[in-house]
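Take a look at the chain below.

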Amino acid sequence: MRRREFITVLGSVAVAWPLLARAQQLERMRRIGVLVNFAEDDPDAQAQNLAFLQGLQELGWTDGRNVRIDTRWTAGDPARARKYAAELVALEPDVVLAEGTTVLGLLLETTRRVPIVFVQVTDPVGGGFVASLALPGGNATGFTQFEYSMSGKWLELLKEISPRVTRAAVLRNPTITSGVGQFGAVQSVAPSLGVELRPVDVRDANLIDREVAAFAGVSNGGLIVTSSGLTNLHRELIIRLAAQHKLPAVYSNRSFVTAGGLMSYGPNLVDLYRRAAGYVDRILKGEKPADLPVQAPTKFDLVINLKTAKALGLTVPPSLLARADETIE
């Protein structure tokens with residue numbers, strides 16, 4: 001090869017090398033941890049996880065090609081959640097998706113370095129997880145479940161579907177800020193609706209069973225089931241007790257209604273998981289959680305189980321049916 005040709009080839013390689021190196025860097029395998037506070041066979045949790053994976057794929061991330069996704073399912077067990085939080089952090093992921101307040105708290109106890117995107121967290125500021133919604137300031141950001149004021153809507157819906165209700169047991173976790181906040185919001189509307197409230201602690205199954213049975217001993221009662229990891233953990237028990245004692249109940253999310261509960265009003269969780277994929281994508285591309293504002297839900301669903309309403313002897317008002325986003329026969 002003549003000297004001039006050699007210099008030309010060398011120059012081409014010199015130009016191409018940074019481009020090749022950059023392409024290889026962009027295509028390197030990234031790692032995402034996912035910690036879910038549900039059982040793996042939970043159909044609603046599966047739908048939410050699928051929405052997250054589809055959202056990632058639409059943004060160019062495919063499991064096994066340019067990203068590895070490690071998912072752990074806690075089935076609502078705090079001990080398992082603590083173990084899996086440590087396990088995922090030890091894998092040194094680029095980012096972790098955290099579902100729920102309990103899971104987020106355990107992850108932040110484990111690491112203040114690994115970026116975290118959370119979903120289904122009611123009060124991230126009150127829980128001490130972020131400095132503010134606009135500027136989270138730490139290694140976590142994500143999507144809130146709803147504002148406390150929305151909790152009053154549950155009592156309004158309970159009165160609408162069952163006007164006879166003058167007493168409501170509110171199942172909540174009093175040890176977390178969101179449990180206190182949700183109950184306070186329900187309290188704020190109770191006098192105007194003529195409803196007496198009774199808080200029920202959901203820390204264990206036996207306590208829930210005793211408290212609901214005692215409450216049901218007096219007529220004209222109903223249930224409001226707030227959002228928490230513990231209410232999700234005891235979902236089947238709560239739904240069974242509501243049916244057993246003929247108590248109309250309003251829940252915080254759709255999964256209770258698909259499992260046989262009467263009615264729910266809350267954010268569209270599938271949409272939140274899809275939006276969470278966008279934040280994970282931005283973090284993988286170099287942005288920091290501290291700079292990404294915590295976002296609120298934009299879609300809310302009213303879901304009614306007509307079969308359960310019939311079993312309770314309730315006639316769903318046409319105005320309520322017209323507003324329902326989904327009815328289950």
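**A buried leucine and its surroundings**

Leu-35 has a relative accessibility of 0%, so it counts as buried. The cut-off for that label is under 20%. Keep in mind that this is a predicted model.

Where does Leu-35 sit? Leu-35 belongs to strand E1, which covers residues 30–36. Now look at what surrounds Leu-35. Leaving aside residues up to four places away in sequence, Leu-35 touches Arg-72, Thr-74, Ala-81, Tyr-84, Ala-85, Leu-88, Leu-97, Ala-98, Glu-99, Val-103 and Leu-107. Take Val-103 from that list. Leu-35 and Val-103 are separated by 68 residues in sequence, yet their C-alpha atoms are 7.0 Å apart in space.

Next come two helices. Helix H3 spans residues 78–90 and helix H4 spans residues 101–110. They pack with their axes 9 Å apart, at an angle of about 45°. The crossing of H3 past H4 is right-handed. Which residues make the contact? From H3 come Pro-78, Ala-81, Arg-82, Ala-85, Ala-86 and Val-89. From H4 come Leu-106, Leu-107, Glu-109 and Thr-110.

Now turn to the rings. How many aromatic pairs does a search of the whole structure find? It finds 3. One of them joins Phe-143 and Tyr-279. Their ring centres are 5.1 Å apart and their planes meet at 45°, so the pair is tilted. The two residues lie 136 apart in the chain, and the pair links distant parts of it. Phe-143 is in strand E5, residues 140–144. Tyr-279 is in helix H11, residues 269–284. Are these two residues buried or exposed? Both Phe-143 and Tyr-279 are buried.

Tyr-251 and Phe-256 form another aromatic pair. Here the centres are 4.9 Å apart, with 10° between the planes, and the pair is stacked. Tyr-251 has a relative accessible area of 1%, so it is buried. Phe-256 is at 0% relative accessibility and therefore counts as buried.

Rings also meet charges. The charged end of Arg-167 sits over the ring of Phe-215, at 4.1 Å from the ring centre. Arg-172 places its charged end over the ring of Phe-183, and there the distance to the centre is 4.7 Å.

Technical notes. Residues are numbered from 1 along each chain as its sequence is written. This is a predicted model: local features need pLDDT of at least 70, side-chain atom pairs count only at pLDDT 80 or more; totals for chains, interfaces and linings use all residues. Side-chain values use heavy atoms; hydrogens and water are left out. Rings of Phe, Tyr and Trp (its six-membered ring) pair if their centres lie within 6.5 Å; planes under 30 degrees apart count as stacked, over 60 as edge-to-face and the rest as tilted. Helices (H or I, at least four residues) and strands (E, at least two) are DSSP runs, numbered from the N terminus. Buried means under 20% relative accessible area, exposed over 50%, partly exposed in between (1.4 Å probe, protein chains only). A charge sits over a ring if NZ of Lys or CZ of Arg is within 6 Å of the ring centre and within 35 degrees of the ring normal. Contact means heavy atoms within 4.5 Å. Axes are lines fitted to C-alpha atoms, for helices over the stretch in contact, and angles run from 0 to 180 degrees between N-to-C directions. A crossing is left-handed if the near helix is turned anticlockwise from the far one by less than a right angle, and right-handed if clockwise.
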